[in-house]
Amino acid sequence: MSQLNSRIKFYKDHTRLSVLTSVEIRGLKYVSKDRQPRIQAIAEVLSASDYDIVCLQELWAHADFELIRNRVSKSLPYVKFFFSGALGSGLAIFTKYPITETTIRPYSLNGSPLDVAGGDFFVGKSVVSAVVEHPVLGECEVFNTHMYARGGDDGEEANRAHRIVGAWQFGNLIRASARRGRYVIAAGDFNSIPSSLPITIVRSHGGLVDAWMASHDSSLFPTETVFSPQLAVRDYGITCDSPLNTYSAGKPLSDVAKRFQGKRLDYVFYRQPQSSPGSSARSTSSSSAPWEIFCKKSEVVLTGLVPGHSFSYSDHFGLEVILEIQRSRPVARSPPPTIDGFGVTTGLEASTASLRSASAIPLEDFCATELSSQSLSAALSALGTAYRRARRRSTMELTGFGAVLIVALGFVAGSAWQPHPELNPLMVFAAVVMGWAGTTLLYSGFIHGNYEVNML
C-alpha cells in the first residue's frame, strides 16, 4: 500500500508543467533603460516562484544571466545560455529537469547589416532548444525563440519575408522533434500577431497547439475595437504595446496596437510526439504515446510595476502556462479542419468552450498539420516579391559602391593637384570615409545581397 501511495504522489507531483516565457529582459548593456533594477526584480520573482520551465529572451549580458542563474539555482538547477552572432542570441532556458541535449540554429535571414538600429543581423536571431528528461513524459524538447522584428503587422506580406522564412524553419524543427518521439513545448517572442501568416505557418506547419487558444473562450483575434487595456490583457493575451506598460508611452504604435490596446506577440505552443519511442516511424497519431499534454490555464503575468519603482518589468509582459499530463485516450478522429490565419476556417471561429461542448475530440485535434493552399500561396507570393526586391537592392548597393569608389579616387587625386594645401587633410579624410562606405556597400550588396537572394 505504501508503494502504491508513493506512486500516486509521484504522478501527482509530475503531471503538471508550469511554463513561463517571454519575460524579455531588455538587457542590452549601456542601452536598455533601467536594466539592473529590472533584472534584479525579475530574478526575485523567478526565485520566489515554482516554475518548471522558464524561457527568457533579450538576456544579452552574461553577467545578467549569472545573476539570474544564482538566484534560481535551487528551484531551476538546469540551465543553458545560448551564444550566437556578434552580440549573442539573448536566449536562455531554465528548467527543473535534467538537460540531456541542447541545440541552437540561427535563422537564415535576420535583416540587413545596414540596419544597425534594428540590430537583428548582428545578434543572430535564433531558435534554441533543450531536451529535458521528464520523469513522466520522458524526452521533452523545449524550444525558445526570438524572431526577426522588422516588417510590422500590416502592409504587404513581402515586408515580413524574413519572418516567414524563419517560421518555416521553426516548423521544420518542431516536426523533426515530434518524429523522434519527443513531446514539444515551444515558447518565445514571435513578433507576430495571431492572425498573421508567420504564426499560421508556425502553428500549422509545426502541428502546434496555441496554449492561449486552448484555454480561453475568446476568438483567435478580436474583431471589434477593444477599449479596455485590462480586458485586452485578460481576454486576448496582449503582451506588447499595452497602455499598461510604461515602456509603451511615447512609442510609435501600429494601427493594430492602437485599436486592440496592444498586440499578442508572445506564445507558448505544444504538441504530442508523432510516434512514441520504439513505435513505427510512419505513425502520425499521438495516441501511440502513453501520455498527452493539455493546457489547463494560461495568463499574462508581470503586468505591474517593479516594486519601489515607476517602470514595468519589461516592454513585454510575461506569459504563464500550466500544462496537464494525462493518460492517452484513444478517440475516433475526424480529418482536422484547416486553420488559416487569413480567416480561421471551420471550428476555430467558435470559442474553445463551444468546441469542447460540441465534440468529444480534444481541441488539439482541430489543429491543422499542413498549411492550407491559401496560406501556402500567400507565402510563396511574399517570398517571390521579396526575392525581386532583394535583387534590386543588391544591384543598387553595388552601383553605390562603384559611385563611392569613383568619388574616393577623385578626392585622392584632387588632393595632389588642388592649390590649397590646408585642404589636403580634409580631402584625404573624405576619401577614407568614402572608402569605408564603399566597403560597406560592397559587403552588403554582394555578399549579403547574394546570400539573401539565395535564401529567398
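Predicted model: local features only at pLDDT ≥ 70, side-chain atom pairs only at ≥ 80, totals over all residues.
1. Now for the chain as a whole. Its mean pLDDT is 81, and 80% of its residues reach 70 or more. Among the elements, strand β4 (residues 92-95) has the highest mean pLDDT, at 97, while helix α10 (residues 352-358) has the lowest, at 34.

2. Next, find His-162 in helix α5, which covers residues 161-179. His-162 counts as buried because its relative accessibility is 10%, and buried means under 20%. Leaving aside residues up to four places away in sequence, His-162 touches Leu-109, Asn-110, Gly-111, Tyr-148 and Glu-452.

3. Two of these neighbours deserve a second look. The side chains of His-162 and Glu-452 are joined by a polar contact of 2.7 Å. The His-162 side chain also reaches the backbone nitrogen of Gly-111, at 3.0 Å.

4. Finally, here are two backbone angles to check. Asp-241 is not a glycine, yet it has a positive phi of about 60°. Asp-241 sits in the loop between α8 (229-236) and α9 (255-259), and with 4% relative accessibility it counts as buried. Gln-261, also a residue other than glycine, has a positive phi near 60°. You will find Gln-261 in the loop between α9 and β10 (266-271); at 14% relative accessibility, Gln-261 counts as buried.

Methods:
Residues numbered from 1 in each chain as written. Heavy atoms only, no water. Helix = DSSP H or I, 4+ residues; strand = E, 2+ residues; numbered from the N terminus. Buried < 20%, exposed > 50% of the residue type's maximum accessible area, 1.4 Å probe, protein only. Polar contact = N/O pair within 3.5 Å; in protein donor to acceptor, adjacent residues only side chain to side chain. Contact = heavy atoms within 4.5 Å. pLDDT = per-residue confidence, 0-100.
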